[in-house]
Amino acid sequence: MRRRELLDVVLDRLLPPVDELGGAGALGLAASLDRDPLADAAPGALDEVLAALPKDFLDRDGEDQDRSLQQIETQQAEAFSILISVAYNAYYVDPRVLERIEGRTAYKAGPPQPRGYEIEPFDETLLAQISRREPFWRKVDP
Amino acid sequence: MAAITREPVDVLIVGAGASGAAAAWRLSEAGLDVLCLEQGDWTDHARAASAEPDWEVRRDREWNPYPNHRKLAVDYPINDSDTPILPLMYNGVGGSTLHWGCCFPRLHPSDFRVRTLDGVADDWPLDYFELEPYYELNDRMMGISGIAGDPANPRRAPRPLPPISLGRGAERMAAAFDRLGWHWWPMDVAVNSRPYGDDRGACNYCGPCDLGCPQRARASTDVTYWPAALGNGARLQTSARVVEITLDARGRASGAQWIDTAGNTWHQAARVVILAANGVGTARLLLLSTSRRFPDGLANSSGLVGANLMHHVTGMVTGIFDDDLEAYKGPFAASIFSQEFYETDASRGTVRGLQLMQIRGDGPLGTAIGRYLPQIPWGADHHERLLARLGRTAALTVTTEDLPRPGNRVSLDPGLVDSSGLPCPALHYEIDDNTWALLGYGSERGQEVFSEAGAAEIVTQRLVPGTGFHLLGTAKMGDDPATSVVDRFGQAHDVPNLFVVDGSTFVTCGAVNPTSTIQALALRTAEHIVEGRRALEAAA
Ligand SMILES: Cc1cc2nc3c(=O)[nH]c(=O)nc-3n(C[C@H](O)[C@H](O)[C@H](O)COP(=O)(O)OP(=O)(O)OC[C@H]3O[C@@H](n4cnc5c(N)ncnc54)[C@H](O)[C@@H]3O)c2cc1C
């Protein structure tokens with residue numbers, strides 16, 4: 001229980017709420033972190049980060065929590081980088097996150113195939129200047 | 001366990017990648033009985049990872065180009081503790097073209113004459129113009145999109161397909177190259193800009209070519225050469241890991257021993273054996289194939305099997321722009337290139353040169369995690385910084401000519417084995433001063449052109465370790481058996497019915513992506529074998 005609670009708060013600090021979207025913890029992404037093969041490949045990495053948090057981490061304010069995390073990022077860099085990778089992996093495949101990005105860019109939230117993208121066709125006039133250049137490849141005697 | 005013996009074939013090919021597929025097609029076209037053994041399997045493009053919601057995560061798992069990270073049973077681990085470059089490849093029908101960026105430039109005429117012109121390395125025993133008809137044939141078979149007329153290269157035939165769309169980033173950069181008076185041109189790419197052939201559609205600009213292509217627009221050889229070769233009657237045995245090339249009493253290749261996934265051992269007899277397992281896999285197999293006659297590895301009387309490994313050491317300069325370039329649209333590695341700095345220029349203090357090649361942008365996860373750029377930091381600013389980068393980047397790779405050095409090599413690792421218990425390769429590689437200087441020079445030119453293009457921020461990585469895409473030089477071609485492994489047709493000096501058609505035979509590597517040259521050489525070798533056979537038949 002406490003582990004999950006801690007992870008939720010940590011995730012909310014790493015990938016905080018934005019616009020109408022909750023933070024990564026509030027989005028319920030903690031559960032998928034342990035299922036990431038990266039976490040599997042480095043067993044204990046997530047727990048190492050959680051264990052390094054100060055006992056009163058949950059009671060601290062946000063800025064203080066960030067400072068604790070920054071300290072662990074420096075001191076236990078390897079374990080922390082695994083946490084970041086699995087957190088980003090979970091966050092950036094979540095449809096709610098991708099829809100928010102779609103709302104702000106031309107990026108499309110679903111998988112790239114089979115829909116693809118519309119794109120301006122090749123414009124041959126771009127070659128106007130370079131096509132006037134004489135061939136300059138280095139000649140070689142046969 | 002005794003091997004199960006199979007009836008001899010005319011030609012046995014090891015490896016179904018870029019070169020093995022091209023050779024199989026040409027040989028089967030001439031009516032030869034061809035069998036290819038491939039350790040991997042077919043890819044179902046209709047179920048490509050790019051059609052899955054978690055496609056960006058899969059890019060780092062089963063579709064990661066680095067076999068030591070991917071760790072599929074069909075892969076073999078590589079000890080890369082003695083090299084700064086991560087070796088990248090894919091094992092399956094199509095080989096590394098299942099993963100590639102599809103850029104299809106050619107070597108220059110000067111690349112075949114570096115000893116004569118610049119006093120370094122060795123000249124090739126053939127020249128560009130001997131290879132040209134095979135380049136053209138290969139372009140038609142693969143389906144190349146591009147436009148003829150590039151002043152940096154010899155004239156070539158009209159491209160089979162018009163250029164793909166460059167996208168906003170490349171258009172922006174092209175204008176900057178123009179203002180600096182530097183060369184640029186749309187890259188010849190193995191991606192269909194229009195439908196091509198019977199069942200290959202046009203690119204829909206989805207972005208990640210490295211995850212399979214449901215449109216079959218990206219030319220991996222499982223959708224180009226293989227259907228044609230199989231149609232000719234060639235056979236392809238998948239999940240077949242070759243363990244050793246076997247010899248007859250006269251010291252000629254008699255076939256290959258291979259293991260299936262159930263652990264059964266087979267012997268496939270053949271009149272001719274062709275190795276197409278890439279610059280690491282072929283060297284490994286030759287070194288594994290020891291005998292009383294060849295105690296140091298097959299065809300290795302020169303001692304050069306495994307030596308002269310070349311990669312094209314690569315740097316990268318990325319421009320981050322204020323405006324939205326929609327950089328995630330379009331084939332990630334294919335747009336424009338510059339060969340302004342391709343040739344030796346004494347004033348730079350270096351020999352040989354480099355190519356700048358533009359690549360497009362990543363999706364949200366790749367951007368956040370920093371596949372090619374520094375990671376976006378976590379915390380309060382994360383979301384804003386992500387949006388400031390997503391789709392707003394353009395990058396130039398700096399591909400340098402990597403001159404051969406005997407110490408840069410593939411050997412067999414004494415301890416490491418693959419899933420079949422077979423010894424694995426170890427790579428030993430050092431970047432030389434010339435390459436390091438070329439990387440520096442190329443990075444500076446990259447910065448200059450990004451400044452000219454108005455990039456708000458420029459990030460330079462002089463060396464990108466995860467770029468060992470090109471595996472070349474480890475069974476060098478030459479006329480002299482004392483200083484080369486194979487002759488000008490890829491025929492082993494020591495074993496007359498053994499040929500190598502992959503990038504192992506490269507004498508030098510220029511500063512361009514190698515696959516169009518690898519395949520052109522494979523077609524030429526195949527034609528040589530066909531002609532040899534015709535001559536024999538005529539004599540008989
Ligand atoms: C990420 C990436 C991007 C790339 N981008 C480009 C690009 O844009 N342009 C370009 O020109 N090149 C590019 N390349 C390189 C290109 O893919 C290779 O040059 C090309 O595929 C090499 O062809 P090959 O036939 O030598 O070997 P491969 O295509 O690697 O095929 C070798 C095959 O042999 C099989 N094999 C090996 N050992 C055995 C064995 N013992 N038994 C049975 N089978 C075996 C393997 O499974 C594999 O399928 C890229 C490569 C990668 C990884």
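In this predicted model, B:P151 touches A:I130, A:R133, A:E134, A:P135, A:F136 and A:W137, along with B:H183 and B:W185, once residues up to four places away in sequence are set aside. B:P151 sits in the loop between α5 (128-142) and α6 (167-180) of chain B. With a relative accessible area of 3%, B:P151 falls under the 20% cut-off and so counts as buried. Its C-alpha atom lies 18 Å from that of B:Q358, a residue 207 places away along the chain.

Between them, chain A and chain B bury about 5,100 Å², and 66% of that is on carbon and sulfur atoms. On the chain A side, A:Q113, A:W137 and A:R138 supply 16% of the area buried against chain B, more than any other three residues. A:W137 has already come up as one of the residues touched by B:P151.

As for charges, five salt bridges turn up across the interface of chain A and chain B. A:R133, another residue in touch with B:P151, forms a salt bridge with B:E340, and the closest N and O atoms are 2.7 Å apart. Polar contacts between chain A and chain B come to 23 residue pairs, with both residues at pLDDT 80 or more.

Strand β10 (residues 336-338) of chain B is joined to β11(B) by two bridges, and the two run antiparallel; B:S338 has B:L356 as its bridge partner in β11(B). Strand β11 (residues 354-359) of chain B in turn runs antiparallel to β12(B), with six bridges between them. In that pairing, B:Q358 stands opposite B:L396 of β12(B). On to strand β9 (residues 314-320) of chain B, which pairs with β12(B) over seven bridges, again in the antiparallel sense. There the bridge partner of B:M316 is B:T397 in β12(B).

Strand β12 (residues 393-400) of chain B is largely enclosed by the rest of the structure, because eight of its eight residues are buried. In a regular strand, side chains alternate between the two faces of the sheet. In β12(B), B:T393, B:A395, B:T397 and B:T399 point one way, while B:A394, B:L396, B:V398 and B:T400 point the other way, and all are buried.

Elsewhere in chain B, B:N64 belongs to the loop between α2 (55-58) and α3 (67-70). B:N64 is buried too, at a relative accessible area of 10%. The side chain of B:N64 reaches the backbone nitrogen of B:Y66 at 2.9 Å. Neighbours within four places in sequence aside, B:N64 is in contact with B:R58, B:R59, B:H69, B:R70 and B:H99.

Technical notes
Residues numbered from 1 in each chain as written. Chains lettered and ligands numbered in written order. Predicted model: local features only at pLDDT ≥ 70, side-chain atom pairs only at ≥ 80, totals over all residues. Heavy atoms only, no water. Buried < 20%, exposed > 50% of the residue type's maximum accessible area, 1.4 Å probe, protein only. Helix = DSSP H or I, 4+ residues; strand = E, 2+ residues; numbered from the N terminus. Pairing = 2+ DSSP bridges. Buried area = accessible area lost by both parts, 1.4 Å probe. Salt bridge = Lys/Arg side-chain N within 4 Å of Asp/Glu carboxyl O. Polar contact = N/O pair within 3.5 Å; in protein donor to acceptor, adjacent residues only side chain to side chain. Contact = heavy atoms within 4.5 Å.
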